[in-house]
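Have the viewer open and follow along.

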Amino acid sequence: MWRGLWTLVSRAARGPHRYGTSDPEPQVAPMTVLPPSRRSSRLYPADTHLFNILGPQSFTGEDCAEFHVHGGPAVVSGVLQALGSVPGLRPAEAGEFTRRAFAHGKLSLTEVEGLADLIHAETEAQRRQALRQLDGELGDLCRGWAETLTKALAHVEAYIDFSEDDNLEEGVLDQADSEVRKLEVALGVHLRDARRGQRLRSGAHVVVAGPPNAGKSSLVNLLSRKPVSIVSPEPGTTRDVLETPVDLAGFPALLSDTAGLREGVGPVEQEGVRRAQKRLEQADLILAVLDASDLASPASCNFLDTVVIPAGAGNPSGNSQRLLLVLNKSDLLPAGCSDPHPDLPSHLLLSCLTGEGLDGLLEALKKELAALCGDPSTGPLLTRSRHQHHLQGCLNALGQYKQARDLALAAEALRVARGHLSCLTGGGGTEEILDIIFRDFCVGK
Ligand SMILES: Nc1nc2c(ncn2[C@@H]2O[C@H](COP(=O)(O)OP(=O)(O)OP(=O)(O)O)[C@@H](O)[C@H]2O)c(=O)[nH]1
Ligand SMILES: [Mg+2]
C-alpha cells in the first residue's frame with residue numbers, strides 16, 4: 001500500500017478557494033520518506049500531518065494512513081479533491097472501515113453492532129448499553145456458551161466412538177446432560193430479558209391517552225420540548241396518532257399523542273379514537289392524563305373505568321400493563337388543596353401550564369423506564385431480534401438434544417446449537433445479514 005501513497009503538496013492543503021479560480025487544481029506528489037508506524041510526519045504546509053499506522057494495530061487491521069488537516073471546509077475539500085485525483089483512490093463506502101475490521105477479525109459481529117449503536121445512540125442509557133456491547137460482553141458470553149457446547153459434544157462423540165472401550169471415564173453422557181441443562185437455564189434468563197434490551201436500543205413505546213381536552217398534547221409538547229401537537233381549548237383537536245422520539249430522563253422513548261377518548265362523535269374523530277385505542281394496546285407504558293378540575297365528567301369517569309383501573313394503576317409490579325396516572329391542570333384546583341382525590345388510584349399532580357409537578361413526573365417516568373428497559377450498565381444484553389432469534393434457535397436445538405433417542409442425532413443437535421451461537425458473533429454470518437448490519441453505518445466509519 002505504501003508504494004501507492006502520495007502526499008499533498010501545498011496547494012491541496014491550502015484549498016482551492018484561498019488562491020482564486022485562476023490557481024491550478026490541488027495536486028499530489030510522490031512521498032519519498034514515510035513516517036515510522038504510529039508516528040506522524042509533518043507535511044507542507046505546517047499543521048498538515050500524515051499519520052502512519054501499520055496493520056494489524058490499526059482499526060481495520062490493515063496498513064493505514066491518516067491525514068490530520070485543519071477542519072475548514074475549503075482545506076478538507078482541497079485535500080479530498082487532490083486524493084480523489086490519484087488513480088485507485090476512492091471515498092470509503094458506508095461502513096467499509098468497520099466491515100474491513102470485521103473481515104480481519106478485529107471486531108466480532110456483536111461488537112460491530114455495538115459500534116453502530118454507539119454511533120446512533122441518542123440517550124445516556126443507549127450510549128452505556130452500546131459501549132458494553134462494543135466492549136465484547138455479549139460476544140464473550142456467546143463464546144463461553146459455545147465452549148460449553150463443544151465440551152458436551154466432545155463427550156457425546158467420545159461415547160459414540162469409545163463406549164466399548166474400558167478406558168472411557170464413567171458418566172461422560174451425564175456430564176454432557178448436566179452442561180446442557182445449565183446452559184438452558186442461562187439462555188432462558190437472557191431470552192426473558194430480550195424485550196427489555198430491544199426497548200433500550202429502539203425506545204419504549206409511551207402512549208399519552210385520556211379524555212378530550214385533558215391536556216395530552218400539552219404534556220407531549222412539554223416532555224419533547226417542541227411543538228409536536230396542536231393545543232387548543234376545543235375538545236377533539238388531536239385526531240391522528242402523533243409520534244415523536246424523546247429522551248425521557250436518560251432513556252429512549254417513542255412518545256405518542258392520541259385523540260381524546262369519547263363516544264358519540266363524528267366519523268373522523270371516531271377513527272381517531274379507534275387509532276388511539278389500538279395504540280394503547282401496543283403501549284409499553286401508558287401516560288393516562290385527566291383534567292384534575294373535571295374528574296366527574298362522563299368522559300373522565302369512563303376513561304378511569306375502562307383504561308386506568310383495568311391497567312392496575314398503582315400496581316406497576318403486577319403483571320398488568322404499566323400506567324402512570326397524571327392529574328393535569330392542578331393550577332385550576334383551589335389553593336392549598338394538596339391532594340383533592342385521595343380515593344383515586346395512585347397518581348401525580350401536574351400543571352402543564354406552570355410546569356409544577358414536572359420534576360416528580362420525570363422521576364416517576366425514570367423508574368418506569370428503568371423497569372421497562374433494564375439497567376444499561378448491568379442489565380439486558382440482547383438488543384436486537386437477530387440475537388433473540390439465534391439464542392432461541394440454540395435453545396430449541398438443546399430441546400432436540402434432550403429428546404434425541406439416538407446419540408448421532410443428539411450430537412447433531414449440539415452442533416446446530418453451537419452453529420446458532422457462532423452466527424450470533426459472526427462466525428457463520430451470511431452476506432445478506434452482514435449487508436443489513438453494515439448498512440446502518442454512516443459513511444466513512
Ligand atoms: N389551566 C390549564 N390549562 C391547561 C393545562 N394544560 C393544558 N391546558 C389547556 O387545556 C386545553 C386543551 O389542551 P390540549 O393539550 O390541547 O388537550 P388535549 O388533551 O390534547 O385535547 P384533545 O386533543 O382535544 O383531546 C388548552 O386550551 C390548553 O391550553 C394546564 O396545566 N392548566
Ligand atoms: Mg390533543
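Ala 413 sits in helix H14 (residues 407–425); helices here are DSSP runs of H or I with at least four residues, strands are E runs of at least two, and both are numbered from the N terminus. At 5% relative accessibility, Ala 413 counts as buried. Buried means under 20% relative accessible area, exposed over 50%, and partly exposed in between (1.4 Å probe, protein chains only). Its C-alpha is separated by 9.0 Å from that of Cys 394, 19 residues apart along the chain.

A quick word on the ground rules: this is a predicted model, where local features need pLDDT of at least 70 and side-chain atom pairs count only at pLDDT 80 or more, while totals for chains, interfaces and linings use all residues. Residues are numbered from 1 along each chain as its sequence is written, chains are lettered from A and ligands numbered from 1 in the order written, and side-chain values use heavy atoms, leaving out hydrogens and water.

Next, the metal. The magnesium ion (ligand 2) is coordinated by Ser 217 (OG) and Thr 238 (OG1), at 2.0 to 2.1 Å. This pair links distant parts of the chain, 21 residues apart: Ser 217 belongs to helix H9, and Thr 238 to the loop between H9 and strand E7 (242–248). Both Ser 217 and Thr 238 are buried. Donors are N, O and S atoms within 2.8 Å of the metal (3.2 Å for Na, K and Ca); water is not among the atoms, so the site may look incomplete.

Most residues other than glycine have a negative phi. These two go the other way:

Last stop is helix H2 (residues 73–84), with 12 residues. From first C-alpha to last, H2 reaches 16 Å, close to the 16 Å expected at 1.5 Å a residue (1.5 Å times one less than the number of residues). Which residues of H2 are buried? They are Val 75, Gly 78, Val 79, Ala 82 and Leu 83. They cover an arc of only 130 degrees around the axis, which puts them on the same side of H2; the arc is that of the directions from the helix axis to the C-beta atoms. Turned away from that buried side, the other face carries the exposed residues Pro 73, Leu 80 and Gly 84.
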